[in-house]
Amino acid sequence: MFNFKISCDQATTICDKSQYGKANLREILQLRMHFFSCKICRLYSKQNSLMSRIIKTMRAEQTVCAMSKEQKERMRAAIEKNARKKDLK
Amino acid sequence: MTTYAKHGLRPDQWIDLYADYLYNYSISRVGKPEIAKDLVQETFFAGLKAMENFEGKASERTWLVAILKRKIIDYYRKVNSKKGKSEVRMNFYRDGAKEGDWLEERVPQTWGSDADKKIENEELGNTLEACIEKLPEKYAMVFKMKTLRDFSTDQICKELDITSSNLWVIIHRARTQLRRCMEDNWFVK
């Protein structure tokens, strides 16, 4: 039942989960075991962590968004038109 | 319009009071400004249509957010059902003796020893951003919610009506695809 042998597909799935701190102990052990015999997934893991670090630098730039005045006015007009249509019914 | 102001609904003020709130709510889920805006507009239209059903139990804003939530699920289902175009390229053998192994032409290549040092490079961030935009919609949406906006797994599952194993498959495919895209566009050649 406690099977340590996993495929590269499964190993990289665990690796992806662990980027969010969501891999459980069993999964982490399976991943470590897999790394012993798989250079490719070790490389994947390294590059995956690097991507996570790049993402961290991107996130800082996110700001609150707002619609432009024009967009709002257009939407306001659309709502009024819609409401009037309803009034007529 | 005031004839419909029953239970305190004031549609003539919706834009001023709720447009920005709903827009932010929407864009933090769907990611794309155009689509976020459309969903807000659809929410207002649906709100107008359903005004008679408003019982005044919840606040006007809560009521509108509930409508928007449905719109977001509907949108996710729509992009999710676009088969073919909405799939990322496979990276592993799907069956046979090699099931779960890396497909030969998809095996990760070394990125060069200076990859780590380039982290602060703005262009590197831009490349990754472009790669995220290239993901099929459903992958981009889930990936961004989870990775860029720190939504919890539970919350994403609830808001998009998917299971957690579903979510991890999507994250896995998104990340393997992104890795490959970074390799093709930045690190190799």
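pLDDT is the predictor's confidence in each residue, from 0 to 100.

**Figure 1. Confidence in the predicted model.** This complex is a predicted model. Chain B has an average pLDDT of 89. In that chain, 89% of the residues score at least 70. Confidence in chain B is highest in helix H6 (residues 153–160), at 96. It is lowest in H4(B), where the mean is 89. For the complex, the predictor gives an ipTM of 0.85 and a pTM of 0.87.

**Figure 2. Chain A, a chain of helices.** Chain A has four helices and zero strands. Along the sequence, the pattern of chain A reads α-α-α-α. Chain A holds 89 residues, and 24% of them are buried. Now take the contacts in chain A with a separation of 6 or more: 58% of them join residues 24 or more positions apart.

**Figure 3. The contact of chain A with chain B.** Chain B puts 43 residues into the contact, and chain A puts in 37 residues. On the side of chain B that touches chain A, these elements give two or more residues: helix H1 (14–30), helix H2 (33–49), helix H4 (122–134), helix H5 (137–147) and H7 of chain B. H7(B) supplies the largest share of that side, eight residues. By class, the side of chain B that touches chain A has 24 nonpolar, nine polar and ten charged residues.

**Figure 4. H1(A) against H7(B).** Here helix H1 (residues 8–18) of chain A packs with helix H7 (residues 164–187) of chain B. The angle is about 95 degrees, and the axes are 9 Å apart. Angles from 65 to 115 degrees count as roughly perpendicular, so H1(A) is roughly perpendicular to H7(B). From H1(A) come A:Thr12, A:Thr13, A:Asp16 and A:Lys17. They meet B:Trp168, B:Ile171, B:His172, B:Arg175 and B:Thr176 in H7(B). The residues of this contact divide into two nonpolar, four polar and three charged.

**Figure 5. H3(B) against H5(B).** This view stays within chain B, where helix H3 (residues 60–81) packs with H5(B). The angle is about 135 degrees, with the axes 8 Å apart. How does H3(B) lie to H5(B): oblique or roughly perpendicular? The angle makes H3(B) oblique to H5(B). H3(B) brings B:Tyr76, B:Val79 and B:Asn80 to the contact. H5(B) brings B:Glu137, B:Lys138 and B:Met141. By class, the contact of H3(B) with H5(B) has three nonpolar, one polar and two charged residues.

Conventions. Residues are numbered from 1 along each chain as its sequence is written. Chains are lettered from A and ligands numbered from 1 in the order in which they are written. This is a predicted model: local features need pLDDT of at least 70, side-chain atom pairs count only at pLDDT 80 or more; totals for chains, interfaces and linings use all residues. Axes are lines fitted to C-alpha atoms, for helices over the stretch in contact, and angles run from 0 to 180 degrees between N-to-C directions. Angles under 35 degrees count as roughly parallel, over 145 as roughly antiparallel, 65 to 115 as roughly perpendicular and the rest as oblique. Two residues are in contact if their C-beta atoms, placed from the backbone, lie within 7 Å. Ala, Val, Leu, Ile, Met, Phe, Trp, Tyr, Cys and Pro count as nonpolar, Asp, Glu, Lys and Arg as charged, and the others, Gly among them, as polar. A residue is buried if 20 or more other C-beta atoms lie within 10 Å of its own, exposed if 12 or fewer, and partly exposed in between; C-beta atoms are placed from the backbone.
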